[in-house]
2 protein chains.
Amino acid sequence: MSAGGGAPLAGGVHGPGHLRALTAVVLDTLETAARARGGPLPAGGPDEVARRTTALAAPVLPEEGIGAEAALADLVRAVAEGAADPADPACVAHLHCPPLAVAAAAELAGAALNPSMDSWDQAPAAGVIEELTTAALARLVHPEAPAPDALITSGGTESNLVALLLARERAAAGERPLRVVTGANAHHSVHRAAWMLGLPAPTVVACHDGRIDPAALDRTLAGLGGGPVLVVATAGTTDEGRIDPLPEIARIAERYGVELHVDAAYGGPLLFSERLAPRLAGLDRAVSVTLDLHKLGWQPVAAGVLAVADTALLAPLSLRADYLNADDDTEAGLPDLLGRSVRTTRRPDALKMAVTFRALGRRGLSELVEHCVRTAEEFGRAVDARPALRRRPGAIGISTVLFRPVVADEREPEAGDAVVAEVRRTLLMDGRAVLGRAVAEDGDGRRRLWLKATLLHPAAASADLLPLLDLVTEAAERAAVAAEDADSLPAAGGTGAPATERLSP
Amino acid sequence: MSAGGGAPLAGGVHGPGHLRALTAVVLDTLETAARARGGPLPAGGPDEVARRTTALAAPVLPEEGIGAEAALADLVRAVAEGAADPADPACVAHLHCPPLAVAAAAELAGAALNPSMDSWDQAPAAGVIEELTTAALARLVHPEAPAPDALITSGGTESNLVALLLARERAAAGERPLRVVTGANAHHSVHRAAWMLGLPAPTVVACHDGRIDPAALDRTLAGLGGGPVLVVATAGTTDEGRIDPLPEIARIAERYGVELHVDAAYGGPLLFSERLAPRLAGLDRAVSVTLDLHKLGWQPVAAGVLAVADTALLAPLSLRADYLNADDDTEAGLPDLLGRSVRTTRRPDALKMAVTFRALGRRGLSELVEHCVRTAEEFGRAVDARPALRRRPGAIGISTVLFRPVVADEREPEAGDAVVAEVRRTLLMDGRAVLGRAVAEDGDGRRRLWLKATLLHPAAASADLLPLLDLVTEAAERAAVAAEDADSLPAAGGTGAPATERLSP
């Protein structure tokens, strides 16, 4: 028997046969483990999860193998019993979506064939599918542009990085370096991208009610005194789901002759809905736009996108490597895929997007997006109806609801925030709910800590979510009593401090 | 029926049931399509592949969906019929491996559960599996270090980028910026990383026989006159599979008091083999090492790793974002995963690695690595036995064999290279073989274009590979005749020029 006989491949004519046997193990194990977990995440907290996982997974690299089926059964059991599963309606902490079965199934095809998107001879058809997919997304974002384009990225962080990189290179001809100007509500990846790219730290514009204050932006741009600037606005903030006032921001940026990038990692899919797309008015005036279909697009990670208003804007990514895109090969008609990313080897992430788009159509996607937005509104009203809970005043951002137990308001600010943090941790440790946390402005202008429900489940009805409110109420009462007994709760560190702070320079 | 009823989820208790039906469509389609393709890639070239793919895939975003099963059947057929499938022994152009079925099956579990590796409450058990996996890889690379560590990355390009970023930050306290010094044989991602990070362009050290010339490195470092330097060596070059003389390079770097990073994206898995690991002697003297298990590790993309000699070296990646790792949560025992990447949302790529490691054990992995190395040696001897073919003089690099048809030698240098390029393109267009290309030094010191066979198939016997040599011989004869008839072949642009040249600054 040839070497590798004990290690069958996923590809070729025989791969599907091997995969039938092994995916059966995976799916049976996922099913059993989901029942065993019996909730949105395992009970017991980090130490208990580590103990159980290690018992099934260690040593990861033994001298002798235990075989494919045993290894899959153990490790899939470990990861599934120990998952925070966003398919459970009580798993709502983050922009962490439950993937559609159709998208996860498409991933299996990608994994089996393993096309690499950096040259035609590694991805003949996958490259075409990517091109069709990015073209459709580019037209969605910039419908009026003559030659819009889009790249597939590993997520919003890479999209923002590439957006800043492209802007840096456009500015490179001038004497002054690019300045990035962004809201206090921006994702930390904007700051991190500037740091990685060797740019000055972004200038932060004050927000009002979680959105960039246009007057403050105007003052900031006036104060910079010229030079290349990229304004970075957000359409769907991580903490609150708020959309910056894009038309005003675009108008101000145009008045100063500076460019606009919009991080629409969360909010971008509102474009699928005719009813909701107007919330993104002004988006098409951005030179580049971050989208992320592993958020409100129900894709398994990774499914990032960077849309640009014109394909010529991508020129700084051009690269020639003889082994991947020699001039004579390109002249002879082999498509050049290398300038489509800052990565080299790349997964065919467009495949699952394309399958999902074809399966559901724009209308089907629109229904799922609208479902999440509607559910959030219903959930918000349910919070308002509970005397023991208080919703953050103001509008709900896309599908994110912030609220806190009233018992937290009855304490000194710091102690109140500690109760909120403790409620979240208690529900996590008990394996009962995965709620998020966010520091956000209260009605009195003071920043307080809130529980955050990011509602991305495309099928959960608001009735499925109501038990969360009971859990929070009960946990808050217990936490308040415990806090009376002992002042030993760790202080919730976020309040008052900026929502994001990089420790390194 | 609730919204989303037409879009079932992959997770939860019911997800596996939905996935059973849909993965059956995927696997049946993969099998039928592999038979229909009937070779390593589709015949007809880019235009024909684009036509067939578009017929099955467009419009990617229709107004109304066609349903999950139909979309999967069409698009998986398109991508599989139009694949360059590395599970076919004649698909050997790149460091593009055929994934193991066990690894692809593990990907399905990751896609269904969708853990995101940036916080504990999105990946309770997956985070533990990643920690165990990176710890094992870190110990493999730096067995003597007291506290080695490793990160999971999207591939060698990101690993090299992070290595340079960490080095830049270590140098940031000083007055002079980091200088990167690397071989002419280095991967283009080293140059690209320096560009992205705002560092001076790397200083390029001459190579001899495809490997860094230690005397040239010594002269270069002497000429830099102090300041922080990162020497980047390669263990397994993309073009030739050559391993730089690591012990000499480490010694020289230590003499100058500068640091060493090794890009072992290709060669790293030699560490699994007791017999082959000595080829990487000196690797553990590097401050950081790039590995890439989607090359000689048979993982679906992405499976990148960056190993560092000490966990404290990762400090510059520390980041605090209240929603992901608030101080009070960390103090209360929630593990902080955010400083483990330059990405935020991240796939659980460690899962498939861990499953593969547990399934095969170190010994099983060693057998696969040794199989590839042995097959390349046999393939090289088979080339040597063919009068119509000539192997590049010198040692075979890991599992990469360079050769060219003798008819190409009978022509002027440029015309000879054009014959080589034409042979490769002809076999691609005919759908018969996916061979690579590389510009490399010939026995007379002149750089010529070669056909490249990167042998990563863990089960193909050398007998499976011999038909490639017949195909090349025949195609070369046809190309030579055609070249006699017309001087219209595009010139093979790579020869003489550096193997890599970035067009943008």
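**Briefing: a buried alanine and helix packing**

At 1% relative accessibility, Ala286(A) falls under the 20% cut-off and therefore counts as buried. The model is predicted.

**Ala286(A)**
- Ala286(A) sits in the loop between β7 (259-263) and β8 (288-292) of chain A.
- Leaving aside residues up to four places away in sequence, Ala286(A) touches His142(A), Leu260(A), His261(A), Val262(A) and Ala309(A).
- Gly127(A) is 159 residues from Ala286(A) along the chain, and their C-alpha atoms are separated by 27 Å.

**α1 and α3 within chain A**
- The axes of α1 (residues 15-37) and α3 (residues 68-81) of chain A come within 8 Å and cross at roughly 30°.
- Angles under 35 degrees count as roughly parallel, so α1(A) is roughly parallel to α3(A).
- α1(A) passes α3(A) in a right-handed crossing.
- From α1(A), the contact includes Ala21(A), Leu22(A), Val25(A), Val26(A), Thr29(A) and Leu30(A).

**α12 of chain A against α3 of chain B**
- α12(A) packs on α3 (residues 68-81) of chain B at an angle of about 145°, with the axes 8 Å apart.
- The crossing of α12(A) and α3(B) is right-handed.
- α12(A) brings Leu351(A), Ala354(A), Val355(A), Arg358(A) and Ala359(A) to the contact.
- These meet Ala68(B), Ala71(B), Leu72(B), Asp74(B), Leu75(B) and Val79(B) in α3(B).
- The residues of the contact of α12(A) with α3(B) comprise nine nonpolar, no polar and two charged.

**α15 of chain A**
- Helix α15 (residues 462-485) of chain A has 24 residues, which should span 34 Å at 1.5 Å a residue; its end C-alpha atoms are 35 Å apart, which agrees.
- Buried residues of α15(A) include Leu465(A), Leu468(A), Leu469(A), Leu471(A) and Val472(A).
- Ala475(A), Ala476(A), Ala479(A), Ala480(A) and Ala483(A) are also among the buried residues of α15(A).
- The buried residues of α15(A) pack against α12 (349-384), α13 (406-409) and α14 (413-429) of chain A.
- They also pack against β11 (389-391), β12 (400-405) and β14 (447-454) of chain A.

**α6 of chain B**
- Helix α6 (residues 156-171) of chain B is mostly covered, with 15 of its 16 residues buried.
- At 1.5 Å a residue, the 16 residues of α6(B) should span 22 Å; the end C-alpha atoms are 22 Å apart, in agreement.

Methods
Residues are numbered from 1 along each chain as its sequence is written. Chains are lettered from A and ligands numbered from 1 in the order in which they are written. This is a predicted model: local features need pLDDT of at least 70, side-chain atom pairs count only at pLDDT 80 or more; totals for chains, interfaces and linings use all residues. Side-chain values use heavy atoms; hydrogens and water are left out. Helices (H or I, at least four residues) and strands (E, at least two) are DSSP runs, numbered from the N terminus. The expected span of a helix is 1.5 Å times one less than its number of residues. Buried means under 20% relative accessible area, exposed over 50%, partly exposed in between (1.4 Å probe, protein chains only). Contact means heavy atoms within 4.5 Å. Axes are lines fitted to C-alpha atoms, for helices over the stretch in contact, and angles run from 0 to 180 degrees between N-to-C directions. Angles under 35 degrees count as roughly parallel, over 145 as roughly antiparallel, 65 to 115 as roughly perpendicular and the rest as oblique. A crossing is left-handed if the near helix is turned anticlockwise from the far one by less than a right angle, and right-handed if clockwise. Ala, Val, Leu, Ile, Met, Phe, Trp, Tyr, Cys and Pro count as nonpolar, Asp, Glu, Lys and Arg as charged, and the others, Gly among them, as polar.
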